[in-house]
Amino acid sequence: MTRKQKLRVIQISLMVLGLLIVYYTYYKESNLKKTFITSQKQKEIKEKIANQATGDVFTNIEYAGMDVSGNRYVLKSAEAVNDPNNKELVNLTSVVAFFYFNDNSILEIKSDKGSYNNSTLDMNFYNNIKAVYKDTKLYAQLAEFSNTNNNLIISDDVKVDSNKGVIFADKLTFDIKEKTLDIESKNNKKINANVNIK
């Protein structure tokens, strides 16, 4: 082989090598990025598709109104989905509600999920509920605000923490009009409380 032929072979080899590098760097990498989706992202995509199949999806919504006692409320949610079986019901995620009472006190409730009936104005809160009223903090898994009955029923792993002490109960019923709190325990069990009387 002559020197000229050797140079041609080397040039062709380098050109083929360069094309392979470009191909694997850009084309294959972009395909890998398209096919690589984490399992968490797949779950989110499936949930969004399921939600879109069942109802309209809205983000960053806010409802405001007044209850039967004339107290104002504001209900916010990161995402809301209309229930296709009940046009009045809206399912919510990342929920925050504020109740502004006539005595200038405020009740704040946060939960992972919830629902709102835009006809009766009833609200339900589910999963990891955290509520703050004056100096009292409340934790539970279920809370139901009934506009018709003018009360808030809190149940499932209820814990009330205030400067007076800590109470664990099965169910609390907060009468909004009367500002009274009924504490209940299932099967006549004792209520677990640690209260400061000073």
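The structure is a predicted model, in which local features need pLDDT of at least 70 and side-chain atom pairs count only at pLDDT 80 or more, while totals for chains, interfaces and linings use all residues. Residues are numbered from 1 along each chain as its sequence is written, and side-chain values use heavy atoms, with hydrogens and water left out. A search of the whole structure finds seven aromatic pairs and one salt bridge.

**Strands and hairpins**

- Strands here are DSSP runs of E with at least two residues, numbered from the N terminus, while helices are runs of H or I with at least four residues; two strands pair if DSSP finds at least two bridges between them.
- Strand β5, covering residues 123-133, pairs with strand β6, covering residues 136-146, in the antiparallel sense over nine bridges, and within this pairing Tyr126 has Leu142 in β6 as its bridge partner.
- The two strands β5 and β6 form a hairpin with two residues between them, and Lys134 in the turn has a positive phi of about 55°.
- Strand β6 also pairs in the antiparallel sense with strand β7, residues 151-162, over eight bridges, and here the bridge partner of Tyr139 is Lys159 in β7.
- A hairpin is formed by β6 and β7 as well, with four residues between them, and Asn150 in its turn has a positive phi of about 55°.

**Aromatic rings**

- Rings of Phe, Tyr and Trp (for Trp, its six-membered ring) pair if their centres lie within 6.5 Å, and planes under 30 degrees apart count as stacked, over 60 as edge-to-face and the rest as tilted.
- Among the seven aromatic pairs is that of Tyr73 and Phe99, which is tilted because the ring centres are 6.4 Å apart and the planes stand at 40°.
- Tyr73 lies in strand β2 (residues 72-82) and Phe99 in strand β3 (residues 89-100), so this pair ties together parts that are 26 residues apart in sequence.
- Relative accessible area is judged with a 1.4 Å probe and protein chains only, where buried means under 20%, exposed over 50% and partly exposed in between; Tyr73 counts as buried because its value is 2%, and Phe99 counts as buried at 2% too.
- Phe98 and Tyr100 form a stacked aromatic pair, with 6.3 Å from centre to centre and 20° between the planes, and Tyr100 counts as partly exposed at 25% relative accessibility.
- Ring pairs also link Tyr73, Phe99 and Phe145 into a cluster.

**Charged groups**

- The charged end of Arg72 sits over the ring of Tyr100, 4.4 Å from its centre, where a charge sits over a ring if NZ of Lys or CZ of Arg is within 6 Å of the ring centre and within 35 degrees of the ring normal.
- Glu108 and Lys110 form a salt bridge, their closest N and O atoms being 3.7 Å apart; the term requires a side-chain nitrogen of Lys or Arg within 4 Å of a carboxyl oxygen of Asp or Glu.
- Both residues count as partly exposed, Glu108 at 23% relative accessibility and Lys110 at 41%.

**Residues to look up one by one**

- Leu121 has its place in the loop between β4 (106-117) and β5, and its phi is near 70°, a positive value in a residue other than glycine.
- Leaving aside neighbours within four places in sequence, Leu121 is in contact (heavy atoms within 4.5 Å) with Met66, Tyr73, Tyr116, Phe145 and Asn147; the C-alpha atoms of Leu121 and Phe145, which are 24 residues apart along the chain, are separated by 8.7 Å.
- Ser111 is found in strand β4 and is buried, with a relative accessible area of 6%; with neighbours within four places in sequence left aside, its contacts include Ser94, Val95, Phe125 and Tyr126.
- A polar atom of the side chain of Ser111 lies 2.7 Å from the backbone oxygen of Lys113.
- Asn60, found in strand β1 (residues 57-66), has a positive phi near 50° although the residue is other than glycine, and Asn60 is exposed, with a relative accessible area of 66%.
- Thr148 is found in the loop between β6 and β7 and counts as exposed at 59% relative accessibility.
- The C-alpha atoms of Thr148 and Ser69 are separated by 9.9 Å, while the two residues are 79 residues apart along the chain.

How values were computed:
A polar contact is a pair of N or O atoms within 3.5 Å; within protein, one must be able to donate a hydrogen and the other to accept it, and residues adjacent in sequence count only if both atoms are side-chain atoms.
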